Amino acid sequence: MTSKVELKRELGMLEITLSGVGIILGAGIYALIGKAAGLAGNAVWLSFALSALVAVFTGLSYAELSSMLPKASAEYEYTRSAFGNRLAFIIGWLIILSGIIGASTVALGFGGYFNSLFGVPPVASGFVLIIALSFLLFYGIKESAWFAIVATLIETAGLILIIFIGLPYLGKADYFEMPHGLAGVFQASALVFFAYTGFESIVKLSEETKAPEKTIPRGLLLAILISIILYVLGGITIEQIEGTSGAPFADLALIALGSKAFTLLSVIALFATANTVLMMLLGSSRVIYGMADSSTLPGILARVHPSRRTPWVAILIAMVLSALFIFAGDIAFVANITNFTLFVTFFVINAAVILLRYKEPKMKRPFRVPVNIGKFTVLPLFGILFCVFMLFQLELTVLLIGVALVILGWLFSFVDMKKA
């Protein structure tokens, strides 16, 4: 009998932190900030600050749970420990969808910048990007991580450049100007929360990380902190962008510094958005692998390539589904569907931390969420409340599609995957 091929542990603190920063920064600041500015006006920075609250509270919950259960299937394992198999399947289903639909969303953002440079339709270039990055994921985790590190350094430099461009304009705008009032700021906040998605993907690298019980929580929280600082500063500089822009930061560079800066920022944005697509495909493929490895999904999805040591079947499935969703075409609409799946998931993750404090009080927790009243941990409760608030900022069509996806996951949970 041949021994099971396991994932390769190669990632350390540097790779985890920079991979986290890379996926977070590329997701929304380069792809969606133009749409958000159209809703919130000059107060778009405030939308980023409000969204940060969900990221911080939920990020702390992820840090505690990842230190307890360092598994590639992440949210599925956390939810199963707290609430049982049925809800765990639904959450695993939603996380897979969020990664797949999120990859499609950011690939459309990539297409917007690619179109501004070369005139290629966004859907076509986004489709090719998904295929190419899936092959990189198949080739190896180390190679994928180093691509992510290089792209992270490039996109962070680009965001710092944008902040630098905006420095001469500081104080010349009304940063509380809200063309659609607080409602617009709240709607923009729900949209740009997509910009923070990615921190949850860090925990899916647990089975490929050295000393994951300590490395994952620290890298996760550090990545969130760095991203919040850069986002709020970036949001303050963005008031010149029209909400319809397909390449928002490049357009700001064009206004301030001319055509050469436009080209430079467009190229940087290509790296940023490609990096996020890579990490989202990685995250969704690892959850598929983890759930199949525990017999919750068909066992064929847990197959690991014998020489590359990557879950090649799961990667293939994530690639095909992401390539299909890209044909939706509307980046803001697709992003908000992703946000729905994440708000529901984060509600459950925060609740899991609270419940496991009572259900498994003696379980080892290398990281613990601070601020407690006896066994009750307070900050995850705030995470729950903010998730509910954000859900009510989404449009009705998005909510209906989101509910349909939850019901579909619930129906699939009754299928006996061991026989599939």
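Modeller: A salt bridge is a side-chain nitrogen of Lys or Arg within 4 Å of a carboxyl oxygen of Asp or Glu. The structure is a predicted model, in which local features need pLDDT of at least 70, side-chain atom pairs count only at pLDDT 80 or more, and totals for chains, interfaces and linings use all residues. Residues are numbered from 1 along each chain as its sequence is written, and side-chain values use heavy atoms, with hydrogens and water left out.

Biologist: How many salt bridges does a search of the whole structure find?

Modeller: Side chains of opposite charge can pair when their charged atoms come close. In this structure, the search finds five salt bridges. One of them joins K142 to E15, with the closest N and O atoms 3.4 Å apart. K142 lies in helix 7 (residues 141–166) and E15 in helix 1 (residues 13–28), so this pair ties together parts that are 127 residues apart in sequence. Helices (H or I, at least four residues) are DSSP runs, numbered from the N terminus.

Biologist: Is E15 buried or exposed?

Modeller: Buried means under 20% relative accessible area, exposed over 50%, and partly exposed in between (1.4 Å probe, protein chains only). E15 counts as buried at 11% relative accessibility, whereas K142, at 25%, counts as partly exposed.

Biologist: Which side chain meets E64 in a salt bridge?

Modeller: The partner is R357, at 2.8 Å from N to O. E64 lies in helix 3 and R357 in helix 13 (residues 331–359), so the pair ties together parts that are 293 residues apart in sequence. E64 is buried, with a relative accessible area of 0%, and R357 is buried at 3%.

Biologist: Which residues in helix 2 meet helix 3?

Modeller: I33, A36, A37 and A40 in helix 2 meet V44, S47 and F48 in helix 3, where contact means heavy atoms within 4.5 Å.

Terms used
Helix = DSSP H or I, 4+ residues; strand = E, 2+ residues; numbered from the N terminus.
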